[in-house]
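Please consult the sequence and the structure shown here while reading.

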Amino acid sequence: MSVPSQKVIVAEDGCSLSGCATAKVYDPVVDAETIDAEMKTLKPGFWLLSEDKKSISSCFTCRNFKSAMSFLNAAGDIAERADMNHHPDLHITSYKNVEVKIYTYAAAGLTPLDFKLAREIDQIEVNYSPAWLKTLNQV
């Protein structure tokens, strides 16, 4: 994987850079060696690296809908913080199954900010489904 030597600049509001009032600067995409090292800093067994190494994701089952929504709200609060301002894809299916996917769209891959966001999300207290935890041998 080649690593761009310069930072990627994109408009925060999605418009082209000409005529935009604000822009966000992203670190360049990280190389395979850095990805492997960063994956080791995340919650063991909870994050998967995509085959193309352009995103990371986590899927789990909460105890109920309220628990799933609590997690999503907490993840959203982290994403919206001024020091983060980076937003994961968040999904709930079957009322309590949660999927989190993180990547930097503008950089077309993973950047250091993606791993920072995942580490922050790892700190959220989650009310997991006891049945799901048993499948992980954690109960």
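In this predicted model, ring pairs join Phe 46, Phe 60, Phe 71, Tyr 128 and Trp 132 into a cluster. The whole structure contains six aromatic pairs. A pair of aromatic rings is described by the distance of the centres and the angle of the planes. Two of the pairs that involve Tyr 128 are set out below.

| Pair | Centre to centre | Angle between planes | Arrangement |
|---|---|---|---|
| Phe 46 and Tyr 128 | 5.8 Å | 40° | tilted |
| Phe 60 and Tyr 128 | 5.5 Å | 80° | edge-to-face |

The pair of Phe 46 and Tyr 128 links distant parts of the chain, 82 residues apart. Phe 46 belongs to the loop between α1 (32-39) and β3 (48-49), whereas Tyr 128 belongs to the loop between α3 (112-122) and α4 (130-135). Phe 60, by contrast, lies in strand β4, so its pair with Tyr 128 ties together parts that are 68 residues apart in sequence.

Are these residues buried or exposed? Phe 46 counts as buried because its relative accessibility is 10%. Tyr 128 is also buried, with a relative accessible area of 13%, and Phe 60 is buried as well.

With a relative accessibility of 43%, Arg 63 counts as partly exposed. The C-alpha atoms of Arg 63 and Ala 131 are 8.7 Å apart in space, although these residues are 68 residues apart in sequence.

Notes. Residues numbered from 1 in each chain as written. Predicted model: local features only at pLDDT ≥ 70, side-chain atom pairs only at ≥ 80, totals over all residues. Heavy atoms only, no water. Buried < 20%, exposed > 50% of the residue type's maximum accessible area, 1.4 Å probe, protein only. Phe/Tyr/Trp six-rings, centres within 6.5 Å; stacked < 30°, edge-to-face > 60°. Helix = DSSP H or I, 4+ residues; strand = E, 2+ residues; numbered from the N terminus.
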